[in-house]
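Please read the following briefing alongside the sequence and the coordinates.

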Amino acid sequence: MTTAASNSLSGLRAKEDNYHKFLTKISAHFPEAAHYLNHEQMQFLDLKAVLADLQRIELGGFSHENVGGRYGRQQLNTPRALTRSHGYLALSRLLQRERRWCGNDVLFDALAGNGTFDRVMQELVVERPKYVGNDVSITMVRQAHRDNRLVFYSDLRTPVLRDGFADYAVSAYGTHHVPPDVRQAFVNAAARRLKAGGTLVIQDFVEGRPTACWYSECIAQFRSCGHNYQHFTRGELGALLLDAGLANVTEHMIYDPFVMPVEPGSSDDAARGHFYAYLIELFALDRLERIAAQERLSGRTLGNLILPYFAMSAQDMDEISRESANVVAEALIERVLTVKNIDGVRCLVAPRVAIAAVGTRPLRISQFPPL
Ligand SMILES: C[S@@+](CC[C@H](N)C(=O)[O-])C[C@H]1O[C@@H](n2cnc3c(N)ncnc32)[C@H](O)[C@@H]1O
């Protein structure tokens with residue numbers, strides 16, 4: 001930590017030990033962390049109130065073992081996370097629509113979880129930007145630190161992190177957890193962390209389409225703490241970016257399948273069963289797990305329940321085929337869950353469709369709405 005940073009942090013101790021402890025710890029573990037903290041503003045912040053507000057945010061259960069623990073373990077399991085690499089790669093293409101990233105750039109993940117975006121990129125690309133995340137669940141943040149990824153524990157709407165440090169920023173796989181009445185403030189707060197010319201991508205799922213219904217119907221019913229969150233309508237993500245002052249805003253339909261290699265010798269039914277078991281773990285469907293065991297649900301019954309959510313309409317097919325961010329082999333595009341040979345490897349392909357909006361911070365506008 002630099003002297004300026006440690007002086008700034010020592011001034012905080014009197015105000016709030018716990019949050020100060022967190023900031024000290026993160027700066028000790030990640031020397032570069034001090035660079036992203038807003039030392040000027042920090043001395044005026046009531047850190048006790050900052051922490052209390054942060055702890056009041058509804059986290060979607062991610063700090064409970066049944067959700068954050070199970071979800072987090074699956075995300076930390078790199079081969080498992082790579083089963084969704086096509087969606088993450090499409091987002092990386094949108095981020096780089098104006099300029100390819102390099103190792104000196106900074107990518108800010110505004111909804112970082114335990115750092116999966118970086119974990120996936122680490123496996124898939126030769127050069128990737130430095131990764132800086134933020135999340136509101138201390139459980140997810142701790143998982144990220146154990147995996148050596150810098151993720152801050154803050155409410156982005158507070159000035160704990162400084163403005164204008166990121167070349168790229170992303171919020172993906174969970175933007176629906178941000179309540180509708182604070183979404184604009186969340187996107188504003190992500191946008192202001194961009195440098196001039198930096199690019200922000202916000203991703204989620206379209207309300208009423210099968211992928212969103214997986215969350216609003218299946219997860220809602222079969223996770224004991226429920227999942228009552230609103231997804232996005234067409235145009236909504238783009239409007240949030242425009243209102244955050246970003247330019248050149250576009251929306252994209254992203255093909256986001258699970259692609260799982262099938263164990264040699266496994267039948268198609270066994271491959272589907274393995275996929276259902278993975279979904280139960282990843283999405284923490286504890287009620288479904290209990291019911292399946294108690295009622296000895298057959299693979300067919302589980303399939304009847306799960307398969308409608310992994311399907312694409314003719315409209316989805318049309319939209320994803322016209323989208324240049326989707327660089328996917330033809331053989332991987334399926335309308336329904338399919339087990340097939342691709343280049344001599346048996347794979348299970350479970351289609352999903354996401355939506356993402358991208359915008360760029362204008363070079364000449366430096367003012368953002370106040371936090
Ligand atoms: C499904 S996880 C996705 C994490 C990561 N983007 C990924 O791809 O694995 C959703 C994350 O959103 C975080 N979250 C929930 N509500 C939030 C909010 N209001 N602001 C920021 N993050 C939030 C949760 O703590 C959780 O870690």
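**Ligand shell**
- Around the ligand there are 19 residues, of which the closest are G113, S137, Y173, G174 and H177, where a residue is near a molecule if its C-beta atom, placed from the backbone, lies within 6 Å of it.
- Sorted by class, this shell holds 11 nonpolar, 7 polar and 1 charged residues, with Ala, Val, Leu, Ile, Met, Phe, Trp, Tyr, Cys and Pro counted as nonpolar, Asp, Glu, Lys and Arg as charged, and the others, Gly among them, as polar.

**Basis of the model**
- This is a predicted model, in which local features need pLDDT of at least 70 and side-chain atom pairs count only at pLDDT 80 or more, while totals for chains, interfaces and linings use all residues.
- Residue numbers start from 1 along each chain as its sequence is written.

**The sheet**
- Seven strands, in the order β3-β2-β1-β4-β5-β10-β6, form an open sheet of 7 strands with mixed pairing; strands (E, at least two residues) and helices (H or I, at least four residues) are DSSP runs numbered from the N terminus, and two strands pair if DSSP finds at least two bridges between them.
- At the edges stand β3 (151-153) and β6 (247-255), each with a single partner strand, so one side of each is left without a neighbour in the sheet.
- From one strand to the next the twist averages 20°, with axes taken as lines fitted to C-alpha atoms and angles running from 0 to 180 degrees between N-to-C directions.
- Strand β1 (residues 106-109) pairs with β4 in the parallel sense over 3 bridges, and L107 has Y168 in β4 as its bridge partner.
- Strand β4 (residues 166-171) also runs parallel to β5 (residues 194-204), to which 5 bridges join it; A166 stands opposite L194 in β5, and S171 has I202 as its bridge partner there.
- Strand β4 is mostly covered, since 6 of its 6 residues are buried, a residue being buried if 20 or more other C-beta atoms lie within 10 Å of its own, exposed if 12 or fewer, and partly exposed in between, with C-beta atoms placed from the backbone.

- In helix α10 (residues 183-191), 7 of the 9 residues are buried, so the helix is largely enclosed by the rest of the structure.
- These buried residues are R183, F186, V187, N188, A189, A190 and A191, and they pack against β4, β5 and α12 (236-243), contact meaning that the C-beta atoms of two residues, placed from the backbone, lie within 7 Å.
- Helix α5 (residues 65-76) has V67, G68, Y71, G72 and Q75 as its buried residues.
- Seen down the axis of α5, these buried residues fall within an arc of 100°, so they line one face of the helix, the arc being that of the directions from the helix axis to the C-beta atoms.
- The partners against which the buried residues of α5 pack are α6 (78-81), α8 (116-124), α9 (138-146) and α13 (268-282).

**Single residues**
- A356 lies in strand β10 (residues 353-360) and counts as buried, with 27 C-beta neighbours inside 10 Å.
- Not counting residues up to four places away in sequence, A356 touches L91, L94, V201, I202, Q203, H252 and I254.
- N248, a residue other than glycine, has a positive phi near 50°; N248 lies in strand β6 and is exposed, with 12 other C-beta atoms within 10 Å.
- A284 also has a positive phi, of about 50°, although it is not a glycine; A284 lies in the loop between α13 and α14 (286-294) and is buried, with 28 other C-beta atoms within 10 Å.
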